[in-house]
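Please look through the structure below with its sequence at hand, and follow the paragraphs from one place to the next.

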Amino acid sequence: MASSTLYAVEYTSDGAADLQGFFADLVRCETRLYNALNDRLRERHGIVTSQFEFLRFLREHPGARVADLAAEFAIGAGATSKGVDRLEKQGWVVRQANPADRRSSLLALTDDGSQLLDAAEATFAAGLSELVEGALDQSTTAAAAQALRRLRSALERDQVGTPTG
């Protein structure tokens, strides 16, 4: 049986947080949540978490461009374009000419994409609720959400970790 090490944010005698432990916990939690939701979405709807997130973004931001998706998810434009190609091939997204810039396209959900997203959202929400609420109480979840929102805001404001291509 493989052993695993549980990292927890610990504090030194001077009260400083163990940021390496914090990082390890943050990344491992994100990976496990992402993978668990990925498995449920694939099994029930034939999509993966990244596709679900792209579809959801496009519903909330009609007329978005590939560059907008890339910026939102902090991934390269090439990988984003390939992801959109897959969605388009499935008939869930269409590219439309951008009247303001001939070099880019505006993205839109198709009716099939909207229907898929509606069904997948229920699976995603139920799975996320089960996984998080099974481990954390409401006040802890709210505090963690607030802390992560502040950290994300600072990283995005300072353009930390923004891909170059």
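L151 lies in helix α6, where helices are DSSP runs of H or I with at least four residues, strands are runs of E with at least two, and both are numbered from the N terminus. This is a predicted model, in which local features need pLDDT of at least 70 and side-chain atom pairs count only at pLDDT 80 or more, while totals for chains, interfaces and linings use all residues. Residues are numbered from 1 along each chain as its sequence is written, and side-chain values use heavy atoms, with hydrogens and water left out.

With a relative accessible area of 35%, L151 is partly exposed, a class between buried (under 20%) and exposed (over 50%), judged with a 1.4 Å probe and protein chains only. Together with L19, F22, L26, L148, L155 and V160, L151 makes a nonpolar surface patch of about 570 Å². The elements giving two or more residues to this nonpolar patch are α1 (19-45) and α6 (138-157).

Turning to helix α3 (residues 66-73), the reader finds V66, L69 and A70 buried. Seen down the axis of α3, its buried residues fall within an arc of 100°, so they line one face of the helix; the arc is taken from the directions from the helix axis to the C-beta atoms. These buried residues pack against α2 (49-60), α4, β1 (93-97) and β2 (105-109), and just after α3, A74 takes a positive phi of about 55°.

T80 belongs to helix α4 (residues 77-89) and counts as buried because its relative accessibility is 0%. Apart from neighbours within four places in sequence, T80 is in contact (heavy atoms within 4.5 Å) with F54, V66, L69, A70 and I75.

Notes:
Patch = residues over 30% accessible without salt bridge, like charges linked within 9 Å, V, L, I, M, F, W, Y side chains within 5 Å. Areas by Shrake-Rupley, 256 points an atom, 1.4 Å probe, with all protein chains shown as cover. Salt bridge = Lys/Arg side-chain N within 4 Å of Asp/Glu carboxyl O.
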